[in-house]
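Subject: Structure handover

Hello,

My notes on what was found in it follow below.

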Amino acid sequence: MLTVYGDHKSGNCLKVAWVAAHLGIDLDWREVDILKGETRTPGFLALNPDGRVPTLVLEDGRSLAESNAIIGYLARDSALIPADAFARAKMRQWLFWEQYSHEPYIAVRRFQLFYLGRTEAELEPKLFERGHAALALMEGALADRPFLVGSDLSLADVALVAYTRLAHEGGFDLAPYPALRAWINRVEAGLGVAS
Ligand SMILES: N[C@@H](CCC(=O)N[C@@H](CS)C(=O)NCC(=O)O)C(=O)O
C-alpha cells in the first residue's frame, strides 16, 4: 500500500487525499503535526529532505514530494489528466500557476492567520493584493466554462480548489467572485468533498 505523510488541515495534503479517494486508491495515511516540527525530524528528513508534507512513500521505499507531483502520479492513468495534448498542457499551466501565483498568497495568508494566530495588521499587504489578483484571474477564466480546462474535472481543479475553498480562513471574501463560488461547489461535488 502507498503511504502518505500528511496533515488534514493542509490544502496541499487534502489534494492527495481527494485524488486517492476519487480513484479508489487506498492510502496508509500518517498524520504529521507540522507545528510540532514533525516534518523536521531526522527520520522525516530522510524521506523528504525538504521537510514538508505531503510526502508519498511507495511500497519499495521510494518517496515523492510536492503535492502536484504526487497527484499527477496517483492520477497517471485516469480521466483527471486530459488525453488531449493541449488540454494536458493547459492543466499543467494551472498546476505551475497554483504554486507560484496562488498558493504563496492565499495559502500563506491562511497559514499566518489560521495556524499561527497572527492578526490582519501583522500581515504583509502584498499577500492580500496578490491573493485577490489570483482570485480575479480565476474568476475570469471560469466565466465561460465549468472547469479550468474546459468541460471536465481535471487535476487543475483539484490543485486550485484546495486553497480557494479555504480562502475565507485567509481573510479573502469570495462574494465578488460568483463564477469562482459556483466552480468550488462543482469541484467539491465532483470529488465528493463536503463543503
Ligand atoms: N510546494 C509544496 C508545499 C508543501 C508545504 O509547504 N507543506 C507545508 C504544509 S501545507 C509543510 O509541510 N510545512 C511544514 C514545514 O515547512 O516544516 C507542495 O505543494 O506540496
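Helix H7 (residues 178–191) has 14 residues and reaches 20 Å from its first C-alpha to its last, close to the 20 Å expected at 1.5 Å a residue; the expected span is 1.5 Å times one less than the number of residues. Helices (DSSP runs of H or I, at least four residues) and strands (runs of E, at least two) are numbered from the N terminus. This is a predicted model, in which local features need pLDDT of at least 70 and side-chain atom pairs count only at pLDDT 80 or more, while totals for chains, interfaces and linings use all residues. Residues are numbered from 1 along each chain as its sequence is written, and side-chain values use heavy atoms, with hydrogens and water left out.

The buried residues of H7 are Ala179, Leu180, Trp183, Ile184, Val187, Glu188 and Leu191. Viewed down the helix axis, they fall within an arc of 165°, so they line one face of H7; the arc is that of the directions from the axis to the C-beta atoms. Buried means under 20% relative accessible area, exposed over 50%, and partly exposed in between (1.4 Å probe, protein chains only). Their cover includes helix H1 (11–23), helix H5 (125–141) and helix H6 (155–164). Just after H7, Gly192 takes a positive phi of about 70°.

Next, the sheet. It is open, with 4 strands in the order S2-S1-S3-S4 and mixed pairing; two strands pair if DSSP finds at least two bridges between them. Strand S2 (27–31) and strand S4 (63–65) stand at the edges with a single partner strand each, so one side of each has no neighbour in the sheet. Strand S3 (residues 55–57) pairs with S4 in the antiparallel sense over 3 bridges, and the bridge partner of Thr55 in S4 is Ala65. H1 packs on the sheet, touching strand S1 (2–6) and S2, and its direction makes about 160° with that of S2. Contact means heavy atoms within 4.5 Å; angles run from 0 to 180 degrees between N-to-C directions, with axes fitted to C-alpha atoms, for helices over the stretch in contact.

Last, the charged pairs. The structure holds 10 salt bridges (a side-chain nitrogen of Lys or Arg within 4 Å of a carboxyl oxygen of Asp or Glu). One of them joins Lys9 and Asp7, with the closest N and O atoms 3.8 Å apart. Lys9 is partly exposed at 43% relative accessibility, whereas Asp7 is buried at 2%.

Regards
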